[in-house]
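This report goes through a single protein chain, from its overall layout to selected pairs of side chains. Please keep the sequence and the model open while reading.

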Amino acid sequence: MINLLQPDSSYYVVSETAAGKPQPVAKRAFDITVSLLVAVFILSWFIPLLGLLIRLESRGPVLFVQLRSGRNGRPFPCLKFRTMKYQRNASFKQATHNDMRITRIGRILRKTNLDELPQVLNVIAGHMSIVGPRPHPIPLDVQYMPLIPEYKHRFAVKPGITGLAQSKGLRGETSELNQMRHRVRYDIWYTKYTSLPLDVKICWWTVEKMVKGDKNAR
């Protein structure tokens, strides 16, 4: 059984990554400030309200917890609002267009990125940042790491609730190798040129996507 709070090192998908960059104090301060504001003023009432809607439509937990790879490949329990019908011990399968597993409320949450909001708790815990390469499910890391040599460099910084690739519309199913290659190029560019002004811009672009809706959301 996997201990999601202290995952065993055997779940690491990489044994060697690019040298992790120390997180600037300003970026951590930005992460904590934004996360606390969201947790206090939004999650405090949004979780009970949304939890009721999720439970009314389908049985199962309100939150979906999945093991994902963080900085330096270290696994952590990634939190999301549950958007699919609950299946105990279900095997991993990427969401696809018109996926029948997705609930009605789940489709709205995924389209607007609101399903990711609980990850502010991951940020407060130090697993994630507000902005960074999106953490992929471990089966995707295992699938694509041997095929994309620079893939491991994504782990040089903490993963983010949103990222440069996602703010540019690169999200959803990666059914073709080139789709993942394109996404990873954005991730690597971000790890090289990360800065607080860039994070603010990415947050703004992400909010625009949330308001307009993202056609690539699944």
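What percentage of the 218 residues in the protein chain do buried residues make up? In this model, which is predicted rather than determined by experiment, buried residues account for 46% of the 218 residues of the protein chain. The protein chain contains seven helices and four strands, and their order along the sequence reads α-β-β-α-α-β-α-β-α-α-α. When contacts in the protein chain between residues at least 6 apart in sequence are considered, 74% of them join residues that are at least 24 apart.

Strand 1, residues 63–69, pairs with strand 2 in the antiparallel sense, and the pairing runs over seven bridges. Within this arrangement Val65 stands opposite Leu79 of strand 2, and Phe64 stands opposite Lys80 of strand 2. Strand 2 covers residues 75–81, and because seven of its seven residues are buried, strand 2 is largely enclosed by the rest of the structure. The side chains of Pro75, Pro77, Leu79 and Phe81 point one way from strand 2, while those of Phe76, Cys78 and Lys80 point the other way, and all of these residues are buried.

Five residues lie between the two strands of the hairpin, and Asn72 is found in this loop between strand 1 and strand 2. The phi angle of Asn72 is near 60 degrees, which is a positive value in a residue other than glycine. With a relative accessibility of 32%, Asn72 counts as partly exposed. Asn113 likewise has a positive phi although it is not a glycine, in this case of about 70 degrees, and its place is in the loop between helix 2 and helix 3, the latter spanning 119–125. Is Asn113 buried or exposed? At 16% relative accessibility Asn113 counts as buried, because the cut-off for buried is under 20% relative accessible area.

**Helix packing**

Helix 1 (residues 25–57) packs against helix 2 (residues 104–112) at an angle of about 135 degrees, and the axes of the two helices are 8 Å apart. Helix 1 and helix 2 are therefore oblique to each other. On the side of helix 1 the contact is made by Leu50, Leu53, Ile54 and Glu57, and on the side of helix 2 by Arg104, Ile105 and Leu109.

**Aromatic rings**

A pair of aromatic rings is described by the distance of the centres and the angle of the planes. A search of the whole structure finds four aromatic pairs, and two of them are described here. The rings of Trp45 and Phe46 have centres 5.5 Å apart and planes at 80 degrees, so this pair is edge-to-face. The rings of Trp189 and Tyr193 have centres 4.8 Å apart and planes at 45 degrees, so this pair is tilted. Trp189 and Tyr193 are separated by about one helical turn, because they are four residues apart in helix 6, which spans residues 177–193. Ring pairs also link Trp45 and Phe46 with Phe81 into a cluster, and this Phe81 is one of the buried residues of strand 2.

| Residue | Relative accessibility | Class |
|---|---|---|
| Trp45 | 47% | partly exposed |
| Phe46 | 13% | buried |
| Trp189 | 42% | partly exposed |
| Tyr193 | 48% | partly exposed |

Over which ring does the charged end of Lys168 sit? The charged end of Lys168 sits over the ring of Trp205, at 3.9 Å from the ring centre. In another case of this kind, the charged end of Arg154 sits over the ring of Tyr151, at 5.4 Å from the ring centre.

Gly132 lies in the loop between strand 3 (129–131) and helix 4 (138–144), and at 1% relative accessibility Gly132 counts as buried. Leaving aside residues up to four places away in sequence, Gly132 touches Lys158, Pro159, Gly160, Thr162, Gly163 and Tyr190.

Definitions and conventions. Residues numbered from 1 in each chain as written. Heavy atoms only, no water. Phe/Tyr/Trp six-rings, centres within 6.5 Å; stacked < 30°, edge-to-face > 60°. Buried < 20%, exposed > 50% of the residue type's maximum accessible area, 1.4 Å probe, protein only. Lys NZ or Arg CZ within 6 Å of the ring centre and 35° of its normal. Pairing = 2+ DSSP bridges. Axes fitted to C-alpha atoms, helices over the stretch in contact; angles between N-to-C directions. Parallel < 35°, antiparallel > 145°, perpendicular 65-115°, else oblique. Contact = heavy atoms within 4.5 Å.
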